[in-house]
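Biologist: I'd like to learn how to read helix packing from a model. Could you walk me through one?

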Amino acid sequence: MNTFIPMRNVLVAGALLLSAAACSKSSDPAPAAATPNTLYVRLGSVNGVSKVVDSFLANVIAETQTSNTSLKRTFNPLLTSNNAQRVTLLRDNLIDQIGQATGGPLVYKGLTMTAAHKGMAITTQEFGVFGVAFTKALTDNGVKDPEKTELLTIITSLQSQVVGQ
Amino acid sequence: MFALVRRGWLVGPLAVLAWANWEAPALHSFAAPIALVAWQVPHLPTGPAAEALRARLAAQPGVSACALSAATGTVSVVYRPGEATEAGLRQALAQAGPWVPQALPEAPAAAPTGRACPVPAGYVLALERVRFALNVRRFFVAV
């Protein structure tokens with residue numbers, strides 16, 4: 001009888017793993033390979049997207065070291081001492097969101113833009129400065145004009161969900 | 001009873017595996033982890049000289065991104081900790097010209113202005129890494 005227990009354990013384990021995969025949230029579509037001509041692929045897939053996001057973070061950090069920059073108010077809580085891990089969380093969310101918005105294979109699971117910026121009262125000018133820092137990040141990484149325009153159009157479309165929340 | 005005890009040990013690992021595999025992995029889990037460093041550097045160049053310095057630092061092994069701001073006198077570098085070190089980057093900057101990187105003045109921690117997650121971000125990131133390591137669904141995604 002005891003000799004059957006390991007096999008039964010294996011079956012239980014297999015069933016649980018299968019059900020974990022099958023019962024995942026309905027909002028969690030099956031991942032698919034990125035289609036070859038998507039903006040995500042043209043940006044260089046995960047490595048390209050993460051390099052753009054890293055450049056953006058470097059730009060923000062360099063620009064927020066004086067008290068009168070427009071990015072200071074919105075990004076300062078992330079950039080004060082001992083908050084490097086919060087910057088990493090911001091990076092993670094940016095990679096996920098840009099990945100999904102550009103046609104990448106995986107889904108962004110973070111907050112909606114409205115929820116993420118609630119109470120921040122971001123102004124149109126601050127959103128514009130964010131756009132400049134992001135555009136510089138694209139330029140620094142050699143992103144070509146068509147891809148740059150396409151991505152900036154996606155980001156601009158989020159303005160109403162970010163500004164004035 | 002003995003059989004139940006023997007089977008009981010399986011519940012914990014199975015629960016962890018189910019938790020790790022419940023959702024597809026996130027895209028950022030496939031990106032290399034990074035570290036950030038920023039220095040105050042007096043008399044930074046502007047224009048093409050600044051771009052040349054930025055490109056030189058960005059070309060260092062392990063550097064993911066670099067930015068210079070002459071207006072704020074700041075150099076910031078995003079790098080992959082396994083491939084570059086802060087000391088090495090500091091040395092690379094010093095070798096690029098007459099620039100002496102200094103530590104940024106310590107900024108005071110921001111006072112909380114609203115509700116915030118009580119769990120330190122480091123714990124969240126560590127849990128995420130464990131979940132990704134155990135998530136077999138990552139083998140079925142082409143990123």
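Modeller: Let's go from the overall fold to one helix pair and then to the core. Keep in mind that this is a predicted model.

Biologist: Fine. How many helices and strands does chain A have?

Modeller: Chain A has nine helices and zero strands, so its elements simply read α-α-α-α-α-α-α-α-α from the N terminus. It has 165 residues, and 33% of them count as buried. As for contacts in chain A with a separation of 6 or more, 69% join residues 24 or more positions apart.

Biologist: And how do I describe a pair of helices?

Modeller: Two packed helices are described by the angle between their axes and the distance between the axes. Take helix 7 (residues 124-140) and helix 8 (residues 145-156) of chain A: their axes come within 11 Å and cross at roughly 155 degrees. Over 145 degrees counts as roughly antiparallel, so helix 7 and helix 8 of chain A are roughly antiparallel to each other. The crossing is right-handed.

Biologist: Which residues of helix 7 and helix 8 of chain A meet?

Modeller: From helix 7 of chain A come A:Gly131, A:Phe134, A:Thr135 and A:Leu138, and they meet A:Lys148, A:Leu151, A:Leu152 and A:Ile155 of helix 8. By class, that contact has five nonpolar, two polar and one charged residues.

Biologist: Now the largest nonpolar core: which of its residues touch the most other members?

Modeller: Those are A:Leu57, A:Ala58 and B:Val77, out of 53 residues in that core. Elements supplying at least two residues each include helix 5 (84-101) of chain A and strand 3 (74-79) of chain B. Helix 3 of chain A gives the largest share, ten residues.

How values were computed:
Residues are numbered from 1 along each chain as its sequence is written. Chains are lettered from A and ligands numbered from 1 in the order in which they are written. This is a predicted model: local features need pLDDT of at least 70, side-chain atom pairs count only at pLDDT 80 or more; totals for chains, interfaces and linings use all residues. Helices (H or I, at least four residues) and strands (E, at least two) are DSSP runs, numbered from the N terminus. A residue is buried if 20 or more other C-beta atoms lie within 10 Å of its own, exposed if 12 or fewer, and partly exposed in between; C-beta atoms are placed from the backbone. Two residues are in contact if their C-beta atoms, placed from the backbone, lie within 7 Å. Axes are lines fitted to C-alpha atoms, for helices over the stretch in contact, and angles run from 0 to 180 degrees between N-to-C directions. Angles under 35 degrees count as roughly parallel, over 145 as roughly antiparallel, 65 to 115 as roughly perpendicular and the rest as oblique. A crossing is left-handed if the near helix is turned anticlockwise from the far one by less than a right angle, and right-handed if clockwise. Ala, Val, Leu, Ile, Met, Phe, Trp, Tyr, Cys and Pro count as nonpolar, Asp, Glu, Lys and Arg as charged, and the others, Gly among them, as polar. A nonpolar core is a set of buried Ala, Val, Leu, Ile, Met, Phe, Trp, Tyr and Cys residues joined through C-beta atoms within 7 Å.
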